[in-house]
Protein chains: 2
Amino acid sequence: MAEVKLLGAWGSPFSRRVEMALKLKGIDYEYIEEDLANKSPLLLKYNPIHKKVPVLLHNGKAIVESLVILEYIDETWKTNPILPEHPYDKAMARFWAKFIDEKCMPATWQIMFRKEDEREKAIEEAIQNLKVLENELKDKKFFGGDKIGLVDIVANFIGFWLGAAQEAAGVELVNKESFPVLCKWIDEYVNCKVIKENLPPRDKLIAFLQPRFMASTWKY
Amino acid sequence: MAEVKLLGAWGSPFSRRVEMALKLKGIDYEYIEEDLANKSPLLLKYNPIHKKVPVLLHNGKAIVESLVILEYIDETWKTNPILPEHPYDKAMARFWAKFIDEKCMPATWQIMFRKEDEREKAIEEAIQNLKVLENELKDKKFFGGDKIGLVDIVANFIGFWLGAAQEAAGVELVNKESFPVLCKWIDEYVNCKVIKENLPPRDKLIAFLQPRFMASTWKY
């Protein structure tokens with residue numbers, strides 16, 4: 001039987017993405033928690049370029065970068081596909097995954113740290129990107145349609161981490177008034193079994209994040 | 001027959017990637033040159049989020065982001081595959097494509113613009129990333145092995161634009177002494193028919209880039 005191991009970190013949305021995909025497909029795996037303040041020889045061996053989690057080991061071969069790993073998982077284990085079948089739909093899912101990674105995550109994350117003089121610009125950028133996502137979701141249950149797909153997995157930061165980060169930073173960017181569609185999705189999302197079981201404890205995450213946000217946080 | 005159109009810009013390595021893939025597969029397409037200083041209603045209609053080239057239109061449906069387009073092309077037209085068949089090899093190709101886009105291109109590009117006080121750091125980062133690529137190539141003819149593949153197409157910036165940018169900026173980062181393996185690849189690459197036919201005129205590119213690089217360029 002295939003030997004699957006995952007080097008991850010409990011608080012990382014990137015390694016949680018991989019856990020979600022593996023669980024969704026029912027793949028048994030050994031999970032190895034990495035201490036990112038003191039990286040293991042295993043992590044440095046298998047991801048010498050980026051030295052980051054997640055690293056998926058499959059029969060001794062390493063695959064890194066969460067988006068690359070998710071595609072690998074979907075191609076290797078066919079049950080419960082996370083990418084759509086048609087090339088165009090696949091392209092759309094890849095587009096949104098990239099948009100979340102490159103636009104939404106940095107913009108929303110930076111708000112928590114952003115210095116006073118850059119606040120306005122950061123908030124504006126984050127709102128604009130989240131509005132694009134809100135518009136994409138519209139009346140769909142999940143980004144993937146009726147069930148969790150690649151984009152939902154990639155959006156776990158917005159589905160869970162963002163709320164904890166908001167609480168830790170004392171910021172309120174996303175709520176039911178400002179983003180009703182996203183908030184409805186968040187509700188569905190965190191109550192979905194495979195997602196719920198693969199999220200870090202909220203209190204632990206908030207306690208972890210709080211000291212990392214500088215004193216210059218503000219109420220939006 | 002399928003109707004394929006490409007909105008591109010002559011000097012963009014990103015839209016040239018798409019042309020390379022289409023030509024490699026022998027797909028007929030209509031090319032529409034975009035004036036990026038005065039974006040067309042067509043571009044704004046089909047790429048309303050990023051408002052960038054390239055945009056591939058296939059039977060009226062738009063696909064954007066060059067990496068997403070390359071995967072779409074490879075899945076839609078099976079002749080002359082640009083991605084390997086096995087999921088692990090595919091993952092490796094995706095990893096390198098992402099590495100070039102997110103690490104190599106920004107680092108090397110910024111050197112041309114970088115202010116005096118950030119020069120050392122920028123050069124160090126660019127060299128480090130290019131050494132990683134040099135090491136990956138080793139004794140392979142192309143990143144894809146014996147023939148041009150996804151990574152070679154994505155690396156067109158290093159294969160051609162970097163040389164023109166170096167000349168325009170008066171910088172010499174990559175040469176036969178510092179990067180013998182990459183330089184050998186560059187020679188093979190630009191002499192490959194499908195690549196050569198899809199590169200912008202070198203003089204025109206240098207004339208376009210030169211005024212864009214500030215007076216603070218330097219000899220490495």
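1. Three residue pairs are in polar contact between chain B and chain A, with both partners at pLDDT 80 or more; such a contact is a pair of N or O atoms within 3.5 Å, where within protein one atom must be able to donate a hydrogen and the other to accept it, and residues adjacent in sequence count only if both atoms are side-chain atoms. On the side of chain B that touches chain A, strand E4 (61-64), helix H3 (66-76) and helix H4 (87-113) of chain B each supply at least two residues, where helices (H or I, at least four residues) and strands (E, at least two) are DSSP runs numbered from the N terminus. H4(B) gives the most to this side, with 12 residues.

2. The model is a predicted one, in which local features need pLDDT of at least 70 and side-chain atom pairs count only at pLDDT 80 or more, while totals for chains, interfaces and linings use all residues. Residues are numbered from 1 along each chain as its sequence is written, chains are lettered from A and ligands numbered from 1 in the order in which they are written, and side-chain values use heavy atoms, with hydrogens and water left out.

3. The extent of the interface can be given in two ways. In terms of contact (heavy atoms within 4.5 Å), 26 residues of chain B meet 26 residues of chain A. In terms of buried area, which is the accessible area (1.4 Å probe) lost by two parts on being put together, summed over both, the two chains bury about 2400 Å² between them, and carbon and sulfur atoms give 71% of this. Within the area that chain B buries against chain A, Ile49(B), Tyr88(B) and Phe95(B) supply 23%, more than any other three residues.

4. Charged side chains also meet across the interface, where the rule finds four salt bridges between chain B and chain A; a salt bridge is a side-chain nitrogen of Lys or Arg within 4 Å of a carboxyl oxygen of Asp or Glu. One pairing joins Arg94(A) to Glu75(B), at 3.1 Å from N to O. Over all chains the count of salt bridges comes to 25. Another joins Glu71(A) to Arg94(B), at 3.5 Å from N to O, and this pair crosses between chains from helix H3 (residues 66-76) of chain A to helix H4 of chain B.

5. Turning to the fold of chain B, an open sheet of four strands has the order E2-E1-E3-E4, with mixed pairing, where two strands pair if DSSP finds at least two bridges between them. Strand E2 (30-33) and E4 of chain B stand at the edges with a single partner strand each, so one side of each has no neighbour in the sheet. Neighbouring strands of this sheet are turned by 20° against each other on average, direction ignored, with axes being lines fitted to C-alpha atoms (for helices over the stretch in contact) and angles running from 0 to 180 degrees between N-to-C directions.

6. The pairings in chain B can be followed strand by strand. Strand E1 (residues 4-8) of chain B runs parallel to E2(B) and is joined to it by four bridges, and Lys5(B) stands opposite Glu30(B) in E2(B). Strand E3 (residues 55-58) of chain B runs antiparallel to E4(B), again with four bridges, and Val55(B) stands opposite Val64(B) in E4(B). The hairpin of E3(B) and E4(B) has two residues between the strands, and in this hairpin Asn59(B) takes a positive phi near 50°.

7. In chain A, an open sheet of four strands has the order E2-E1-E3-E4, with mixed pairing. Strand E2 (30-33) and strand E4 (61-64) of chain A are at its edges, each with a single partner strand, so one side of each is left without a neighbour in the sheet. Four bridges join strand E1 (residues 4-8) of chain A to the antiparallel strand E3 (residues 55-58) of chain A, and Leu6(A) stands opposite Leu56(A) in E3(A).

8. Some backbone details deserve a check, since most residues other than glycine have a negative phi, and most peptide bonds are trans. The peptide bond from Val53(A) to Pro54(A) is cis, with omega near 0°, and Pro54(A) is placed in the loop between helix H2 (41-46) and E3 of chain A. A cis peptide bond likewise joins Val53(B) and Pro54(B), with omega about 0°, and Pro54(B) is in the loop between helix H2 (41-46) and E3 of chain B. Asn80(A) has a positive phi, near 45°, and is found in the loop between H3 and helix H4 (87-113) of chain A.
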